[in-house]
Amino acid sequence: MLQKIGFIGTGIMGQPMSVNILNQGYDLMVWNRTIGKTGLYQATGARVAETPREVGEWADVLILMLTGPEAIDAVLAGDRGALTGKTAARTLINMSTVPPDYTIRLGAALQDQKIAFLDAPVTGTRKPAEEGGLVILAGGDAEKISEMEPLLLAMGKKVIRCGPVGQGSAMKMAFNLLLGTLMAGLCEAVNLGRGSGLPFDTVMEALRSGPLDCGLFGLKSDMLEQDDFPAQFPLRHMAKDLRFALKTADEKGIATPVGQALFQLYRQGDWDALGDMDFAAVKKVLDAMNDASEEGAR
């Protein structure tokens with residue numbers, strides 16, 4: 001018999017991930033702070049909880065897909081939190097992007113409550129989440145990862161075993177640092193090419209015809225050409241994740257000069273009211289810099 005799964009956080013990523021769990025035949029209960037984001041579940045056979053505590057008292061396995069440590073703490077231990085009642089859940093899987101040191105502390109607190117814990121952040125944006133194509137970066141006990149692998153593969157195409165609790169989060173820090181670098185670098189290259197008189201299609205064909213090509217370039221090409229950035233991964237989340245990555249690097253004594261510059265770009269985008277757009281909207285930050293420099297030259 002499949003386990004009862006409680007899924008907390010049905011936003012841009014959490015909604016398609018939880019729907020894929022339901023489509024694999026699991027019994028599902030969801031909770032989201034914004035009740036409007038749970039409407040589709042009522043016609044699918046999933047349960048919609050009124051409080052996180054209701055989820056914690058019902059589910060065998062709790063999955064979290066939230067914005068960060070503050071949201072997790074509030075959902076687990078706040079008013080009517082998931083772990084404040086007669087908790088049935090014996091396994092908790094955090095798929096949110098959080099710093100490794102927070103993950104380790106959370107794991108220790110859950111161990112005291114006899115709750116097994118995996119940290120399992122994902123790589124991929126909304127489209128791969130809808131297609132079940134996420135890559136899951138799992139940290140935790142090897143036997144527990146094996147036990148949970150069928151559930152994880154309901155949401156993704158591959159589970160990468162990163163080591164003990166905290167190492168999944170550490171891998172996600174490294175991944176998002178590179179992701180932010182690739183996106184900003186692509187925007188700069190496109191701007192330079194177009195500013196030099198090259199058509200957009202020519203720039204993208206050249207970038208995607210050799211060893212520099214990667215899936216990200218294809219995913220974001222239409223956004224860059226049309227200057228329209230519907231959120232698959234919001235820019236404000238990239239700014240948050242880069243802050244986590246820089247904090248982690250500082251704690252480890254790792255130099256990240258490129259990361260420091262990137263963080264300023266994405267933070268500026270958040271300040272410029274681009275935060276709810278896709279993180280490819282960092283191009284707009286660079287465009288504004290171009291305009292400012294041209295105006296200064298005149």
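The entries below record what I looked up, in order.

**Entry 1. Domains**

I noted at the outset that this is a predicted model. I then looked up how the chain is divided, and I found domain 1 (4–164) and domain 2 (170–296). The C-alpha centres of domain 1 and domain 2 lie 28 Å apart. I also looked up the contacts between them: 17 residues of domain 1 are in contact with 17 residues of domain 2.

**Entry 2. Nonpolar cores**

Which residues have the most contacts inside the largest nonpolar core? I found Met183, Leu186, Leu224, Tyr266 and Phe279, in a core of 32 residues. At least two residues of this core are supplied by each of α7 (167–195), α8 (200–208), α9 (215–226), α10 (235–252), α11 (257–271) and α12 (282–297). Helix α7 gives the largest share, 6 residues.

Leaving out residues up to four places away in sequence, Tyr266 touches Gly180, Met183, Ala184, Leu235, Met238, Ala239, Leu242, Phe279 and Val282. I then recorded a second, separate core, which has 30 residues, among them Ile63, Val122, Ala129 and Ala138.

**Entry 3. The largest pocket**

The largest pocket holds about 850 Å³. Its lining consists of 37 residues, and those closest to the pocket centre are Gly11, Met65, Leu66, Thr67 and His237. Two or more lining residues come from each of α3 (69–77), β7 (122–123), α7 and α10. Sorted by class, I found 14 nonpolar, 14 polar and 9 charged residues in the lining of the largest pocket. Domain 1 and domain 2 each provide at least three residues of this lining.

**Entry 4. The second largest pocket**

For the second largest pocket I noted a volume of about 310 Å³. Which residues lie closest to the centre of this pocket? Of its 15 lining residues, they are Gly124, Phe175, Leu179, Leu216 and Leu219. The elements that give two or more residues to this lining are α7 and α9. By class, I recorded 9 nonpolar, 5 polar and 1 charged. Here too I looked up the domains, and the lining of the second largest pocket draws at least three residues from each of domain 1 and domain 2.

**Entry 5. Helix α9**

I looked up helix α9 on its own. Its buried residues are Leu216, Phe217, Lys220, Ser221, Met223 and Leu224. I kept a general rule beside this list: an α-helix has 3.6 residues a turn, so residues three or four places apart point the same way. After α9 comes Asp227, and I noted that the phi of Asp227 is positive, near 55°.

**Entry 6. Ser169**

Is Ser169 buried or exposed? Ser169 has a relative accessible area of 1%, and the limit for buried is under 20%, so Ser169 counts as buried. I then looked up what surrounds it: apart from residues up to four places away in sequence, Ser169 touches Val98, Pro99, Pro100, Thr103, Asp119 and Pro121. Ser169 and Ala120 are 49 residues apart in sequence, and their C-alpha atoms are 7.3 Å apart in space.

Terms used
Residues are numbered from 1 along each chain as its sequence is written. This is a predicted model: local features need pLDDT of at least 70, side-chain atom pairs count only at pLDDT 80 or more; totals for chains, interfaces and linings use all residues. Side-chain values use heavy atoms; hydrogens and water are left out. A nonpolar core is a set of buried Ala, Val, Leu, Ile, Met, Phe, Trp, Tyr and Cys residues joined through side-chain atoms within 4.5 Å. Buried means under 20% relative accessible area, exposed over 50%, partly exposed in between (1.4 Å probe, protein chains only). Helices (H or I, at least four residues) and strands (E, at least two) are DSSP runs, numbered from the N terminus. Contact means heavy atoms within 4.5 Å. On a 1 Å grid over the protein atoms alone, a cavity is a set of points where a 1.4 Å probe fits but cannot get out, and a pocket is an open set with protein on both sides within 12 Å along at least five of seven lines; lining residues have an atom within 4 Å of a point. Grid points are joined across faces, edges and corners, and a volume is the space filled by probe spheres set on the points. Ala, Val, Leu, Ile, Met, Phe, Trp, Tyr, Cys and Pro count as nonpolar, Asp, Glu, Lys and Arg as charged, and the others, Gly among them, as polar. Domain bounds come from an automatic or database domain assignment.
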